[in-house]
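Subject: Structure handover

Hi,

Here is the structure for you to look through. My notes follow below it.

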Amino acid sequence: MAVGLALGAVAVVALFLIDALAPALFPDSLPTRAQDGLTLALSVLIESLPFVVLGVLLSIAVQVWVPARVIERVLPQRGWARRAVLSLLGMLIPVCECGNVPFARGLLMRGLTPADALTFLVAAPIVNPIVILTTHQAFGWDGGILVARLLGGYLVANLIGWLYSRHPDPERILTDRFRETCEVVAGEQGDRARRSLAQFVVELRAVMPALVIGSALAGAVQVLIPRSVLVAVGSNPVLSIVAMMLLAMTVAICSNVDSFFALSFASTFSSGSLVAFLLVGPLVDVKMLALMRTTFTGRVLAGIVAVVLLSAFVIGVGVNLLA
């Protein structure tokens, strides 16, 4: 929590410094942009909150109401096959990336490995029925954007799962606080209704501060990046991919509707850069990273960001070459 507050303070100071040192970058005054940042932050928070609550409820259903060992019996025993199935689990859970974090925490508490949970967590925001429908509605089959997004998300998720399945000490992937939470949940007594209520409180206390901090950072960062700079690089096949990946990390738009935001750049940016945006945003935007930090260590998140960015860049270049 202290780290989040420090980051928020840095963002505010940066806003003042940029306003003082480079006023020509922004046509609007600081109060106008500050209000825009607050509006954007609240929009991200309000848009994400219902999915977070739904994810918490699904997490409780897995932990408290699903009979013991049902998940273990359904999933394949081999690691690669189990992760391949978990990558498709998002097809049955129509929530955005925010709701997937508490659900993944529930899977971890039920005994799945960190690599399994990461595979689900990365794939689910893309291999999702609502995301598939909205992406098709926005782009149809043009430029192979829909197919590249789905296959790319599936492959990146399994690559990350495979990499972390080889970790010599899987428990070190998780934060100390999450491991303590697992012990508290395991020690809960009483009937299912009492345990469900207790788990609901535990999960909300864990993810809500991260969601608020992530939303605030998303709003602050958006008012620090002049859109004119992004449009200027849109015609370059390489720089356009990099620009859209950076934009995806900062705007923090829900994966259920980000296709329509990307569509507004279709006349300026290449198909590969749009695919990169649609891959990076649901997986490693500032809001998602803040939520994932409740469970996974900072070193793990840095590794995930590196894999996602490199993979999205390669996929984006490939789409541009084939388009």
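Leu151 sits in helix α8, residues 145-165. (Helices, H or I of at least four residues, and strands, E of at least two, are DSSP runs numbered from the N terminus.) Leu151 is exposed, at 52% relative accessible area. (Exposed means over 50%, buried under 20%, partly exposed in between, with a 1.4 Å probe and protein chains only.) Together with Trp141, Val147 and Leu155, Leu151 makes a nonpolar surface patch of about 460 Å² accessible area. (Patch residues have over 30% relative accessible area and no salt bridge; nonpolar side chains, meaning Val, Leu, Ile, Met, Phe, Trp and Tyr, are joined within 5 Å, like charges within 9 Å. Areas are Shrake-Rupley values with a 1.4 Å probe; for residues, only the protein chains shown count as cover.)

This is a predicted model: local features need pLDDT of at least 70, side-chain atom pairs pLDDT 80 or more, while totals for chains, interfaces and linings use all residues. Numbering runs from 1 along each chain as its sequence is written, and side-chain values use heavy atoms, without hydrogens or water.

There are 2 salt bridges. (That is a Lys or Arg side-chain nitrogen within 4 Å of an Asp or Glu carboxyl oxygen.) Asp116 pairs with Arg82, N to O at 2.7 Å. Asp116 is in helix α6 and Arg82 in helix α4, so the pair ties together parts 34 residues apart in sequence. Asp116 is buried at 2%. Arg82 is buried at 17%.

Arg179 bridges to Asp176 at 2.2 Å. Both lie in helix α9, 3 residues apart.

Overall, the protein has 16 helices and 0 strands.

Best wishes
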